[in-house]
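I opened the model today and kept notes as I went. The entries follow the order in which I looked things up.

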Amino acid sequence: MDDHTDQTRKPRADAVRNRERVLEAAKAVFSAGGPEASLEAVAKRAGVGIGTLYRHFPTREDLFEAVYRREVEQLSELAEQLKTTKDPIDALRRWLRSGVEFVATKKGMVAALALAVQSGSELHAFSFERLTTAIGSLLHRAVAAGEMRADISPEDLLRAFFGMCYMHDQPGWQSSVLRMLDVFVDGLRVQMAAKAKPRPAARSAKPAVKRKR
């Protein structure tokens, strides 16, 4: 019975590994080649046959959605990991920089995902809730530490982030966005002078002038 159990478990483990390899390969291929990149290229990069790819993802749209969901989940997990770092500003900055990779993948699939992620869809609700919660946990930590201004919401920060990413469409756009993100985060920081609020220096008393008699 143990031998039979081992034989039934191995294909399942192989299937899980193959699925993860396909998703990782698809992320790289779609980020570089866009939505028209061939599924054969994905299978080749993953080291699996095209039949294996289709068994896991019968259509191109199925693969796009699976990659998208996986990226959202990974960003959510990253936020949990970064909450334990010492510097809350650095944690937020690192999450945003990782988010640029997510957008690069999403841009490569934007045409096929347009209907799936439109406002009101289940996939849109899933991604918006997860990403807002993730960035919110890091933002609130930075605010609580007195490092970042408190008048910006997670939704504001997320919209600003996506706005910067989608304003740049030229090759090499990621480096421009990463530079703008640093400027943006620095602009949201509470300045040391504002935190310290030093008291104005006391005016020195003027010596009394003696009147001439």
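This is a predicted model: local features need pLDDT of at least 70, side-chain atom pairs count only at pLDDT 80 or more; totals for chains, interfaces and linings use all residues.

How much space lies in the largest pocket? I noted about 220 Å³. I then listed its lining, which comes to 11 residues. Closest to the centre are Tyr 68, His 124, Ser 127, Phe 128 and Phe 162. By class, I counted seven nonpolar, two polar and two charged residues in the lining.

**Whole chain.** I stepped back to the fold. The protein chain has 10 helices and zero strands. Read along the sequence, the pattern is α-α-α-α-α-α-α-α-α-α. I looked up burial next: of the 213 residues in the chain, 37% are buried. I also checked contacts with a separation of 6 or more, and 70% of them join residues 24 or more positions apart.

**Helix 4 against helix 5.** Two packed helices are described by the angle between their axes and the distance between the axes. I took helix 4 (residues 60-82) and helix 5 (residues 88-107), whose axes come within 10 Å. Their crossing angle is roughly 175 degrees. Angles over 145 count as roughly antiparallel, so helix 4 runs roughly antiparallel to helix 5.

I then went through the contact residues. On the helix 4 side I found Val 67, Tyr 68, Glu 71, Val 72, Leu 75, Leu 78, Ala 79 and Leu 82. On the helix 5 side, the list includes Ala 91, Arg 94, Trp 95, Phe 102 and Thr 105. I sorted the residues of this contact by class: 10 are nonpolar, three polar and four charged. Tyr 68 was already in my notes, among the residues closest to the pocket centre.

**Val 72.** I stayed in helix 4 for this residue. Is Val 72 buried or exposed? Its relative accessibility is 0%, so I logged Val 72 as buried. Leaving out residues up to four places away in sequence, Val 72 touches Phe 102, Phe 126, Ser 127, Arg 130 and Leu 131. I followed up Arg 130, which is 58 residues from Val 72 in sequence. The C-alpha to C-alpha distance between them is 7.0 Å.

**Arg 70.** This residue is also found in helix 4. I read 14% relative accessibility for Arg 70; buried means under 20%, so Arg 70 counts as buried. Which residues does Arg 70 touch, beyond those up to four places away in sequence? I found Glu 20, Leu 23 and Glu 24.

**Ala 28.** I moved to helix 1 (residues 2-33), where Ala 28 is found. At 27% relative accessibility, I recorded Ala 28 as partly exposed. Thr 105 lies 77 residues away along the chain, yet the two C-alpha atoms are separated by 7.6 Å.

**Ala 160.** My last stop was helix 8, which holds Ala 160. Its relative accessibility is 26%, so Ala 160 counts as partly exposed. I compared Ala 160 with Leu 181, 21 residues apart in sequence, and got 9.7 Å from C-alpha to C-alpha.

Conventions:
Residues are numbered from 1 along each chain as its sequence is written. Side-chain values use heavy atoms; hydrogens and water are left out. On a 1 Å grid over the protein atoms alone, a cavity is a set of points where a 1.4 Å probe fits but cannot get out, and a pocket is an open set with protein on both sides within 12 Å along at least five of seven lines; lining residues have an atom within 4 Å of a point. Grid points are joined across faces, edges and corners, and a volume is the space filled by probe spheres set on the points. Ala, Val, Leu, Ile, Met, Phe, Trp, Tyr, Cys and Pro count as nonpolar, Asp, Glu, Lys and Arg as charged, and the others, Gly among them, as polar. Axes are lines fitted to C-alpha atoms, for helices over the stretch in contact, and angles run from 0 to 180 degrees between N-to-C directions. Helices (H or I, at least four residues) and strands (E, at least two) are DSSP runs, numbered from the N terminus. Angles under 35 degrees count as roughly parallel, over 145 as roughly antiparallel, 65 to 115 as roughly perpendicular and the rest as oblique. Contact means heavy atoms within 4.5 Å. Buried means under 20% relative accessible area, exposed over 50%, partly exposed in between (1.4 Å probe, protein chains only).
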